[in-house]
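Please look over the sequence and the model, then read the points below.

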Amino acid sequence: VVTGLPAVGKSTFGRTLARDTLRGAAFVDIDTCTERLVRRGLVLAGHDPDDRDSEFYKSAFRADVYDALWDVVADQVSESVVVVGPFTRELQNARWVEELEAMLRARSGVEGVEVVVYYVSCSEELRQQRMLKRNNPRDASKLAAWQQHTQYYTTTPGTNAETSSTTLPPPLPQCRYTLIDNNNTNNVEQRK
């Protein structure tokens with residue numbers, strides 16, 4: 001499971017992990033699985049199709065988006081699967097890895113499911129540069145109110161204020177994870 005804040009390089013790292021490290025593992029990105037349906041649903045509900053941060057999105061779509069993602073993953077767990085998504089709320093659960101393994105075993109009927117969480121991180125400045133470069137309409141509101149966007153994450157319960165530097169933006173996961181420092185092309189792993 002590849003996690004992290006927007007524009008830290010989750011999808012790029014996840015694709016490389018699936019293709020090169022795990023030699024052809026399935027690659028499942030939350031945006032690819034659900035984006036078209038979420039955009040359509042937001043439009044039909046009279047909301048901005050690029051919204052992923054409002055209370056409306058979180059209450060009307062978030063749980064179903066994640067459930068749909070895990071349904072797709074459960075169909076693939078007999079093989080190696082790399083799953084990419086932010087999982088911001090889930091990372092604050094110290095038992096998330098164990099709960100996710102149990103849920104995937106129950107949904108798939110496959111014993112021996114093992115979940116490894118990779119938390120991808122980079123500086124706030126680099127995240128902002130990447131958002132500008134990728135020019136995704138979903139990033140427009142984040143870029144327009146950058147300070148508010150970054151404060152959302154620094155005030156999330158479980159934030160480790162001592163490590164909220166430009167290298168490791170909070171919130172750091174409370175569950176078991178491997179840190180991927182994506183500030184340069186030589187990804188550095190640190191197990192937590």
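Is isoleucine 30 buried or exposed? Isoleucine 30 counts as buried, because its relative accessibility is 6% and the cut-off for buried is under 20%. The model is a predicted one.

**The chain as a whole**

- The protein chain has 192 residues, of which 45% count as buried.
- The chain contains 7 helices and 6 strands.
- Read from the N terminus, the order of these elements is β-α-β-α-α-β-α-β-α-α-α-β-β.
- Counting contacts in the chain between residues at least 6 apart in sequence, 65% are between residues at least 24 apart.

**Isoleucine 30**

- Isoleucine 30 belongs to helix H2, which spans residues 30-44.
- Neighbours within four places in sequence aside, the contacts of isoleucine 30 are Glu35, Val65, Tyr66, Leu69, Val84, Gly85 and Pro86.
- Glycine 85, one of these contacts, is 55 residues away from isoleucine 30 along the chain, yet their C-alpha atoms are 5.4 Å apart.
- Val84, another of the contacts, is a buried residue of strand E3.

**Strands and their pairing**

- Strands E2 and E3 are parallel partners, joined over 4 bridges.
- In this pair, phenylalanine 27 is placed opposite valine 82 of E3.
- E3 is covered on both faces: Val81 and Val83 are on one side, Val82 and Val84 are on the other, and all are buried.
- Strands E4 and E5 also run parallel, with 4 bridges between them.
- Here tyrosine 118 faces threonine 178 of E5.
- From E5, Thr178 and Ile180 point one way while Leu179 and Asp181 point the other way, and all of them are buried.

**The largest nonpolar core**

- In soluble globular proteins, nonpolar side chains tend to be buried together.
- The largest nonpolar core in this model consists of 45 residues, and Trp70, Phe87, Trp96 and Leu104 have the most contacts inside it.
- At least two core residues come from each of helices H1 (10-21), H2 (30-44), H3 (55-74) and H4 (96-108), and likewise from each of strands E3 (81-84), E4 (118-121) and E5 (178-181).
- H3 gives the most to this core, namely 8 residues.
- Tryptophan 96 touches Val1, Thr3, Trp70, Phe87, Glu90, Leu91, Val117 and Cys175, leaving aside its neighbours within four places in sequence.
- Two of these contacts, Trp70 and Phe87, are listed with Trp96 among the core residues with the most contacts.

**The largest pocket**

- The largest pocket holds about 990 Å³ of space.
- Its lining is made up of 42 residues, and Pro6, Lys10, Asp31, Pro86 and Arg138 are the closest to its centre.
- Helices H1, H2, H3, H5 (124-134) and H7 (146-154) are the elements that each give two or more residues to this lining.
- H1 supplies the largest share of the lining, 6 residues.
- By class, 14 of the lining residues are nonpolar, 13 are polar and 15 are charged.
- Pro86, one of the residues closest to the centre of this pocket, is also in contact with isoleucine 30.

**The second largest pocket**

- The volume of the second largest pocket is about 340 Å³.
- Its lining has 17 residues, with Val1, Val81, Glu114, Val115 and Val116 closest to the centre.
- H3 and E3 are the elements that give two or more residues to this lining, and E3 gives the most, with 3 residues.
- The lining by class is 14 nonpolar, 1 polar and 2 charged residues.
- Val1, listed here as one of the residues closest to the centre, is also in contact with tryptophan 96.

**Two loop residues with positive phi**

- Arginine 23 sits in the loop between H1 and strand E2 (26-29).
- Its phi is near 50°, a positive value in a residue other than glycine.
- Arginine 23 is exposed, because its relative accessible area is 69% and the cut-off for exposed is over 50%.
- Asparagine 135 is found in the loop between H5 and helix H6 (140-144).
- Asparagine 135 is not a glycine, but its phi is positive, at about 55°.
- With a relative accessibility of 63%, asparagine 135 counts as exposed.

Terms used:
Residues numbered from 1 in each chain as written. Predicted model: local features only at pLDDT ≥ 70, side-chain atom pairs only at ≥ 80, totals over all residues. Heavy atoms only, no water. Core = buried A, V, L, I, M, F, W, Y, C linked by side-chain atoms within 4.5 Å. Buried < 20%, exposed > 50% of the residue type's maximum accessible area, 1.4 Å probe, protein only. Contact = heavy atoms within 4.5 Å. 1 Å grid on protein atoms, 1.4 Å probe; cavity = no way out; pocket = protein on both sides within 12 Å on 5 of 7 lines; lining within 4 Å. Points joined across faces, edges and corners; volume = space filled by probe spheres on them. Nonpolar A, V, L, I, M, F, W, Y, C, P; charged D, E, K, R; others polar. Pairing = 2+ DSSP bridges.
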